[in-house]
There are 2 protein chains.
Amino acid sequence: GHIVIMGWTRHTERLVEELRANLSDKHIVLLNTDGPVIRTASITTVRGDPTRTKDQLKASTDKAWAIVVSTGDDSKTILAVLHARRLNPQALIVAEALEEENIDPIRQAGADRVVYTGGLGGDLLASAVFEPSVPRLIADLASSVEGIADLVEEPATSYAGKTFLEALVEAKKTEDKLLVAVVKHDGMIIASPPPDYRIEDGDKLIVLVKSHREKSS
Amino acid sequence: GHIVIMGWTRHTERLVEELRANLSDKHIVLLNTDGPVIRTASITTVRGDPTRTKDQLKASTDKAWAIVVSTGDDSKTILAVLHARRLNPQALIVAEALEEENIDPIRQAGADRVVYTGGLGGDLLASAVFEPSVPRLIADLASSVEGIADLVEEPATSYAGKTFLEALVEAKKTEDKLLVAVVKHDGMIIASPPPDYRIEDGDKLIVLVKSHREKSS
Ligand SMILES: [Ca+2]
Ligand SMILES: [Ca+2]
């Protein structure tokens, strides 16, 4: 299955770049009315309105593995998600919310995961006033193609049964990785668990790794 | 000195909230033409165009301690920064860049720190596809008023002379803090330094702490 990206906003270019770097085997279909026309071995552009079913079908939305909706307008995003979910009950649907109050409606429309991008810019501008290194580190951690470090999610299997402190020391010593958080089976995140927290089989870890990837153009 | 926030965008509300939570002693003056009129003990709204000197003076920009510029338009931001810098050579000026290519011009106009918010949304949308816990953790870490954890910058004094591994273990055991990065004197960030990295007096640390603050309304 391919990935359909609906809409063209100032986030789309980096979205495509990150998906290319991390899911290089997935073909990407861009569906929008106004973005640049990109056609490579792995990317196809389809001209069409993400809020129209017939245009979604041009992008084979019904056969997609994942659908990412970022239209720059929450009401359009909701309509696009509703149609996409109707065409494709199985696909993973990720959508951007510009306003906090639209997170739930977009989820109700059928999105599995909603990313609220509105708050983050304000958070980072504020941090730049009183702790300027923090927004720089966060921007680095958020991107796998920029900067020197990256947060990745991985199974905790090899650390199951150990305490967080034991795992922290072992991961740092043997692999130079920094364990940052545990993700429970239900998705709950325990950031920086207490030293004696015991890691369970089935937990996932969020790990800070050094990024050795060359910056892609 | 007070903080002047120029412009009103979808980032401004959270920006104000974070500044209130972290710099509660600083009065905030909002300068814009179209935001809500907020008047509290600690916030004043001034109606005016951030790109006009006479309006900047209405907000006492010349006496400000810090100026944050987020206009939603990089060319307006540049003009606002140029005037602000001319009126106030000493103030800390933080500005938002919407496009990556405008980071340098905004800095040249006189901003001390430029936050590029355009890339981050795309990074987080992409991560939501292949590692959904990561954008949730990043959103939490970026905000000190939302979520359960926070990244803060603090002097490394008490760990000077120790290796990163020693400091990592001690901070986790005694204070339940997670050391994430070292910031050198020149601002260079070493994310997750090697185990034998020796912390110097004058280094700063970026630390993940549990957030005990009540969510503000
Ligand atoms: Ca990175
Ligand atoms: Ca937080």
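Of the 217 residues in chain A, 59% are buried, a word that here means under 20% relative accessible area, with exposed standing for over 50% and partly exposed for what lies in between (1.4 Å probe, protein chains only). This is a predicted model, in which local features need pLDDT of at least 70 and side-chain atom pairs count only at pLDDT 80 or more, while totals for chains, interfaces and linings use all residues. Residues are numbered from 1 along each chain as its sequence is written, chains are lettered from A and ligands numbered from 1 in the order in which they are written, and side-chain values use heavy atoms, with hydrogens and water left out.

Chain A contains seven helices and ten strands, where helices (H or I, at least four residues) and strands (E, at least two) are DSSP runs numbered from the N terminus. Along the principal axes, the C-alpha atoms of chain A fill a box of roughly 55 × 40 × 40 Å. Among contacts in chain A between residues at least 6 apart in sequence, 56% join residues at least 24 apart, a contact being heavy atoms within 4.5 Å.

Helix 6 of chain A is largely enclosed by the rest of the structure, because eight of its ten residues are buried; among them are Ser133(A), Val134(A), Pro135(A) and Asp140(A). Two packed helices are described by the angle between their axes and the distance between the axes. The axes, which are lines fitted to C-alpha atoms, for helices over the stretch in contact, have angles that run from 0 to 180 degrees between N-to-C directions. Helix 5 (residues 118-130) of chain A and helix 6 (residues 133-142) of chain A have axes that come within 6 Å and cross at roughly 140 degrees, and these two helices of chain A are therefore oblique to each other, given that angles under 35 degrees count as roughly parallel, over 145 as roughly antiparallel, 65 to 115 as roughly perpendicular and the rest as oblique. Leu124(A), Ser127(A) and Ala128(A) of helix 5 meet Val134(A), Pro135(A) and Ile138(A) of helix 6 in this contact.

Helix 6 of chain A also faces its counterpart in the other chain: the axes of helix 6 of chain A and helix 6 (residues 133-142) of chain B come within 11 Å and cross at roughly 175 degrees, so the two are roughly antiparallel to each other. The contact is formed by Ile138(A), Leu141(A) and Ala142(A) on one side and Ile138(B), Leu141(B) and Ala142(B) on the other. Across the whole interface, 76 residues of chain A are in contact with 76 residues of chain B.

Donors are N, O and S atoms within 2.8 Å of the metal (3.2 Å for Na, K and Ca), and since water is not among the atoms, sites may look incomplete. Asp140(A) counts as buried because its relative accessibility is 12%, and Glu146(A) is likewise buried, with a relative accessible area of 17%. In chain B, the calcium ion (ligand 2) is coordinated by Asp140(B) (O), Asp140(B) (OD), Ser143(B) (O), Glu146(B) (O) and Ala149(B) (O), and its donors follow the spacing D-x2-S-x2-E-x2-A along the chain.
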